[in-house]
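Colleague: I am new to this structure and would like to go through its salt bridges and one of its helices. Could we take it step by step?

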Amino acid sequence: MDNHITIFDTTLRDGEQSPGYSMNKQEKLRLALQLEKLGVDVIEAGFPIASDGDYETVKEIGKIIKKSTVAALCRTRQVDLERAVSSLEHAAKPRIHTFIATSDIHLQHKLQMTREEVLESAVNAVEFATSHYDDVEFSAEDASRSDPEFLIEIFTAVIAAGATTINVPDTVGYALPWEYADLIQTLHTRIPNIDQATISVHCHNDLGLAVANSLMAVRSGARQIECTVNGIGERAGNASLEEVVMAIETRKNNMDYSTGIDTHEIYPSSQMLAQITGKGVQPNKAIVGENAFAHEAGIHQHGVLKNPLTYEIMTPDSVGLTSNKIVIGKHSGRFALGKKLEELGYFLNKEDLNRVYTMVTKLADEQKIVKDEDLINLMANTEYSKQNPDQSIAAGG
């Protein structure tokens with residue numbers, strides 16, 4: 001089996017649907033170009049039936065994107081399908097992504113349709129889509145809460161109708177990693193024509209398991225992961241692109257998979273999204289958060305300053321950052337403080353460093369973090385014996 005994992009980015013569609021993250025046309029075009037630079041395989045550009053603005057934006061993205069596939073989302077309704085087909089008329093690599101719910105709770109309370117009616121609608125939609133474009137994805141909304149036997153039936157039928165990708169969404173973030181893996185394995189082994197399609201997964205983060213579920217699905221045969229920059233999306237968000245990709249990159253000793261992502265563009269992509277939406281990234285967010293490569297604890301600082309591998313499993317440079325960050329706070333040690341002071345041009349002996357350390361820890365108790373300007377101000381009012389760089393305590397002198 002091919003070990004390449006297709007990265008399907010839905011930041012511009014599912015991500016934009018999260019409250020406070022809407023983007024205008026120009027912002028979407030700018031981000032789409034960055035996603036292509038990042039190396040995503042598929043850019044889900046929008047939901048053309050939602051509005052004239054979304055339709056025009058999908059059309060414009062299709063015009064400017066040359067390397068990545070551009071996908072348009074649509075329900076299995078004829079008017080949706082026609083709108084999506086039209087929006088992709090200029091795309092170099094178009095994909096129709098059509099969906100309908102398959103769980104009994106959705107059929108009963110949302111669609112008021114029988115399984116037979118859903119199956120017929122899905123097949124008709126795929127047949128219409130494939131009459132216009134070769135690349136067609138079908139999603140069974142709320143798949144993780146659907147009857148696996150019905151999923152096998154409907155996926156078999158849509159693949160026969162021409163679907164090249166079948167998506168198994170954990171729409172409400174309900175699945176646990178092991179049961180989601182079992183579901184993907186069941187579909188992979190029991191759909192008779194599965195060799196004609198790629199299994200995709202679209203996991204939400206309601207229980208904080210979107211990335212774990214996505215990776216477990218890959219182990220069970222999925223070869224496309226649908227995700228977003230910074231993990232944005234409906235409710236608690238989607239599987240985070242940066243976390244999925246860097247897990248694969250960092251743990252190749254355990255997962256022999258690859259993506260086409262240029263990991264050096266991860267942090268720039270994250271920052272561009274934050275700048276466009278005005279929504280910052282949580283400080284402790286994996287990979288791209290402000291604290292992802294920051295160290296305050298003295299023991300950690302000492303280790304990282306000696307060898308970053310002691311506490312960093314990937315380099316800041318690998319995701320587009322210039323360096324890690326040593327934060328001076330009440331948990332910092334003398335060694336880290338000495339190194340920070342040296343960066344600022346102050347070379348202290350052991351006795352002076354101990355004295356300054358006491359003042360710094362007191363200051364840290366008052367204001368949490370001691371910034372570079374705080375250290376400069378403190379040193380301006382502190383007498384100390386100036387040392388040569390090779391004699392300073394931090395340098396080993």
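Colleague: How many salt bridges does the structure hold?

Modeller: This is a predicted model, and side-chain atom pairs count only at pLDDT 80 or more. On that basis, the number of salt bridges in the structure is 20.

Colleague: Which residue forms a salt bridge with E16?

Modeller: The closest N and O atoms of the pair are 3.0 Å apart. E16 lies in the loop between β1 (6–9) and α1 (25–38), and its partner sits in helix α1, 12 residues apart from E16. The partner is K28.

Colleague: Are E16 and K28 buried or exposed?

Modeller: Buried means under 20% relative accessible area. E16 has a relative accessible area of 16%, and K28 has 2%. Because both values fall under that cut-off, E16 and K28 count as buried.

Colleague: Which residue meets D52 in a salt bridge?

Modeller: The N to O distance in this salt bridge is 2.7 Å. The pair links distant parts of the chain, with D52 in helix α2 (residues 52–64) and its partner in helix α3 (residues 78–87), 31 residues apart. The partner is R83.

Colleague: Where does K285, which meets E243 in a salt bridge, lie?

Modeller: The side chains of E243 and K285 meet at 2.7 Å, N to O. E243 is partly exposed at 23% relative accessible area, whereas K285 is buried at 7%.

Colleague: Why do the buried residues of α3 line one face of the helix?

Modeller: The buried residues in α3 are D80, L81, A84, V85 and S87. Seen down the axis of α3, they line one face because they fall within an arc of 165°.

Colleague: What covers the buried residues of α3?

Modeller: Both helices and strands take part in the cover. It includes α2, β3 (69–75), β4 (94–101) and α5 (115–130).

Methods
Residues are numbered from 1 along each chain as its sequence is written. This is a predicted model: local features need pLDDT of at least 70, side-chain atom pairs count only at pLDDT 80 or more; totals for chains, interfaces and linings use all residues. Side-chain values use heavy atoms; hydrogens and water are left out. A salt bridge is a side-chain nitrogen of Lys or Arg within 4 Å of a carboxyl oxygen of Asp or Glu. Helices (H or I, at least four residues) and strands (E, at least two) are DSSP runs, numbered from the N terminus. Buried means under 20% relative accessible area, exposed over 50%, partly exposed in between (1.4 Å probe, protein chains only). The arc is that of the directions from the helix axis to the C-beta atoms. Contact means heavy atoms within 4.5 Å.
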